[in-house]
Amino acid sequence: MKALVTYFSQTGNTEKLARAIYEAIHVEKELLPVQDVKDTKGYDIIFVGFPVHAHSVPAKLLPFFKGLTDGQNIAFFCTHGSLRGGHLAKQALEHAIGLAARAKILGTFGIRGKVDAKMIEALMKQAEHQAWAEEAQGACNHPDDDDLADGKAFARGVLAKVGR
Ligand SMILES: Cc1cc2nc3c(=O)[nH]c(=O)nc-3n(C[C@H](O)[C@H](O)[C@H](O)COP(=O)(O)O)c2cc1C
């Protein structure tokens with residue numbers, strides 16, 4: 001079995017989670033920033049990670065989605081400032097699932113990731129960002145060790161589903 005863990009990360013939170021997922025899977029594997037992925041063929045499972053940006057998937061991910069083949073096994077992971085398990089984070093994962101409509105989604109996972117305090121202050125003044133930016137004030141210690149341990153458990157669970 002061959003796995004790819006790929007991610008986009010602007011400030012390092014999603015990269016931390018990507019590295020934890022990569023460590024947790026004990027199969028043939030590669031870890032690549034999404035812009036370095038040349039071909040998505042040949043992997044039994046691709047873990048795709050992104051930071052939630054404006055309730056959705058960052059535009060940097062779009063070329064990757066275009067390259068997906070029918071029936072490709074995918075699992076999404078993301079980091080976000082808003083509350084874990086909350087509707088703001090779920091919305092972004094739903095966008096990702098929509099973009100990967102041709103793929104087979106084996107799981108989704110999200111944890112909180114800190115946001116620069118000055119950025120929160122600025123974004124809270126903008127109506128479209130206010131809700132998540134308010135929640136993000138409490139994300140300053142994330143991702144933490146518990147988050148990353150949960151990410152590892154998620155990855156092992158996904159791997160167990162491959163080939164079923
Ligand atoms: C431009 C921008 C937009 C963001 N939009 C959201 C959002 O809509 N919802 C949310 O929960 N977090 C949002 N965040 C917070 C990031 O998702 C969070 O800090 C994430 O962990 C960053 O990951 P990274 O370090 O891998 O870039 C936003 C951050 C930035 C910089």
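A residue is buried if 20 or more other C-beta atoms lie within 10 Å of its own, exposed if 12 or fewer, and partly exposed in between, with C-beta atoms placed from the backbone. F47 has 31 C-beta neighbours inside 10 Å, so F47 counts as buried. This is a predicted model: local features need pLDDT of at least 70, side-chain atom pairs count only at pLDDT 80 or more, and totals for chains, interfaces and linings use all residues. Residues are numbered from 1 along each chain as its sequence is written.

**Surroundings of F47**
- F47 sits in strand β3; strands (E, at least two residues) and helices (H or I, at least four) are DSSP runs numbered from the N terminus.
- Leaving out residues up to four places away in sequence, F47 touches A3, V5, I21, A75, F77 and A155. Contact requires C-beta atoms, placed from the backbone, within 7 Å.
- F47 and G107 are 60 residues apart along the chain, and 9.2 Å separates their C-alpha atoms.

**Sheet**
- Five strands form an open sheet in the order β2-β1-β3-β4-β5, with parallel pairing. Two strands pair if DSSP finds at least two bridges between them.
- β2 (28–33) and β5 are the edge strands, each with a single partner, so one side of each has no neighbour in the sheet.
- Neighbouring strands are turned by 15 degrees against each other on average, direction ignored. Axes are lines fitted to C-alpha atoms, for helices over the stretch in contact, and angles run from 0 to 180 degrees between N-to-C directions.
- β3 (residues 45–51) and β4 run parallel, joined by six bridges. F47 stands opposite A75 in β4.
- β4 and β5 (residues 104–112) also run parallel, with eight bridges. I74 has I105 in β5 as its bridge partner.

**Helices on the sheet**
- α3 packs on the sheet and touches β4 and β5; its direction makes about 150 degrees with that of β4.
- β4, α3 and β5 make a right-handed β-α-β unit: with the strands pointing away from the viewer, the path from the first strand over the helix to the second runs clockwise.
- α6 (residues 145–161) lies across β3, β4 and β5, at about 175 degrees to β5.

**Ligand shell**
- The ligand has 22 residues around it, of which S9, T14, P51, S82 and G113 come nearest. Near means a C-beta atom, placed from the backbone, within 6 Å.
- α1 (13–24), β4 (73–80), α3 (87–99) and α5 (130–136) each supply at least two shell residues. The largest share, three residues, comes from α1.
- The shell holds eight nonpolar, 13 polar and one charged residue. Ala, Val, Leu, Ile, Met, Phe, Trp, Tyr, Cys and Pro count as nonpolar, Asp, Glu, Lys and Arg as charged, and the others, Gly among them, as polar.

Key:
Two residues are in contact if their C-beta atoms, placed from the backbone, lie within 7 Å.
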